[in-house]
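Trainee: I would like to learn how to read cavities and ligand contacts. Could we go through an example together?

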Amino acid sequence: MPDKPIASISRTRQILRQYDLRPKKGYGQNFLVDVSVVARTAEASHCEGAVIEVGPGIGSLTEQLALRSRHVTAYEIDERLKPVLEDTLSPYDNVEVLFQDFLSADLHQKVQELQQAWGRVVFAANLPYYLTSAILFRIFAEGEDLSYLTVMVQKEVAQRFSARPGSADYSALSVESQALYDISSLFTVPPGAFAPSPKVDSAVVQFHRRPGTSADAGFDQLVRGCFAQRRKTIYNNLRSVLQDGEKAEAVLQVCGIAPDRRPQQLQVEEFLRLYEEVSRL
Ligand code: SAM
């Protein structure tokens with residue numbers, strides 16, 4: 001095993017120099033250079049079985065996950081990192097790096113495969129911030145068997161997960177997070193823990209999938225559809241989702257939801273109820 005963790009400042013600098021690697025802003029490349037933050041994140045992730053990571057970068061978090069789990073599957077979009085990761089992760093034979101866009105991967109299939117081979121599968125990542133919502137929506141819809149998600153995100157985004165109805169931060173992301181998961185904020189991370197440093201504070205948040213929720217990809221579509229036009233009423237949004245005004249009216253009536261309410265005024269339970277009725281159509 002190499003003497004210094006990949007996440008140490010000296011080792012990261014050496015790797016970037018050796019491969020003449022300039023972090024790509026367009027891919028959200030802010031590499032973690034604080035060993036204790038990386039180790040704490042991995043330690044909290046429940047990764048003893050298999051773990052899926054998005055964006056290994058130069059391998060900082062991947063290394064700490066590999067040290068604690070039976071298997072790591074990491075998706076990386078940036079092909080420049082191929083020789084780097086082959087080198088930095090060479091001491092770990094339990095890591096598989098797939099060079100592909102996570103958003104185009106068959107997540108459901110991968111989770112089943114890992115579950116059969118290794119037992120419990122979890123997700124852990126220092127997310128590329130420009131794709132936070134897209135990645136989480138994908139997991140909410142397709143990753144029902146990922147029992148824990150441990151993610152580093154922008155601190156202000158972390159607050160949105162638990163936002164209450166009526167607040168400006170309440171969105172489809174809040175509804176789906178709260179409907180499907182118990183959410184805990186683990187710790188905050190200052191800009192200095194990354195190279196290059198982002199302009200914002202970050203936070204590590206953990207989602208624990210609540211067993212028995214009936215919500216799935218259809219729930220994701222419904223909730224996002226209902227928030228497509230925040231200023232419009234729930235009736236107008238639902239009519240667009242169902243492409244049928246009469247059905248929208250009937251569903252709202254059965255659920256006891258006034259059609260002139262705005263989507264951001266509805267409780268999480270009301271969205272779950274709506275989904276139940278829409279599924280019956
Ligand atoms: N895990 C590393 C760390 O903590 O130092 C790097 C995290 S960096 C914030 C985000 C990583 O996600 C980068 O390596 C970037 O290339 C990768 N990435 C960005 N978009 C991606 C996508 N659509 N699919 C897979 N990886 C992606």
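Mentor: We will look at the cavities, then at the ligand and its surroundings. This is a predicted model, where local features need pLDDT of at least 70 and side-chain atom pairs count only at pLDDT 80 or more, while totals for chains, interfaces and linings use all residues. Residues are numbered from 1 along each chain as its sequence is written, and side-chain values use heavy atoms, leaving out hydrogens and water.

Trainee: How many cavities of 30 Å³ or more does a search of the whole structure find?

Mentor: The general idea is that rolling a probe the size of a water molecule over the atoms shows where empty space is left. A cavity here is a set of points, on a 1 Å grid over the protein atoms alone, where a 1.4 Å probe fits but cannot get out; lining residues have an atom within 4 Å of a point. In this structure the search finds two cavities of 30 Å³ or more. The largest cavity has a volume of about 350 Å³, and 26 residues line it, with Val 54, Gly 55, Gly 57, Glu 76 and Asn 126 closest to its centre. The second largest cavity has a volume of about 30 Å³; Gly 28, Asn 30, Asn 126, Leu 127, Tyr 129 and Phe 194 line it.

Trainee: Which space does the ligand take?

Mentor: A molecule sits in a cavity if more than half of its atoms lie within 2 Å of the grid points. The ligand takes the space of the largest cavity. Strands β1 (31-32) and β2 (50-54) each give two or more residues to the shell around the ligand.

Trainee: Which residues come nearest to the ligand?

Mentor: A residue counts as near if one of its heavy atoms lies within 4 Å. There are 24 residues around the ligand, and Leu 32, Gly 55, Glu 76, Asp 101 and Asn 126 come nearest. By class, this shell has 12 nonpolar, eight polar and four charged residues, with Gly counted as polar.

Trainee: Which polar side-chain atom lies 2.6 Å from an oxygen atom of the ligand?

Mentor: A polar contact is a pair of N or O atoms within 3.5 Å. The atom you ask about belongs to Glu 76. For Gln 29, a polar side-chain atom lies 2.9 Å from a ligand oxygen, and for Asn 126 a side-chain N or O atom is 2.8 Å from one. Taken alone, the ligand exposes 600 Å², and the protein buries 99% of that, using the Shrake-Rupley method with a 1.4 Å probe.

How values were computed:
A polar contact is a pair of N or O atoms within 3.5 Å; within protein, one must be able to donate a hydrogen and the other to accept it, and residues adjacent in sequence count only if both atoms are side-chain atoms. On a 1 Å grid over the protein atoms alone, a cavity is a set of points where a 1.4 Å probe fits but cannot get out, and a pocket is an open set with protein on both sides within 12 Å along at least five of seven lines; lining residues have an atom within 4 Å of a point. Helices (H or I, at least four residues) and strands (E, at least two) are DSSP runs, numbered from the N terminus. Grid points are joined across faces, edges and corners, and a volume is the space filled by probe spheres set on the points.
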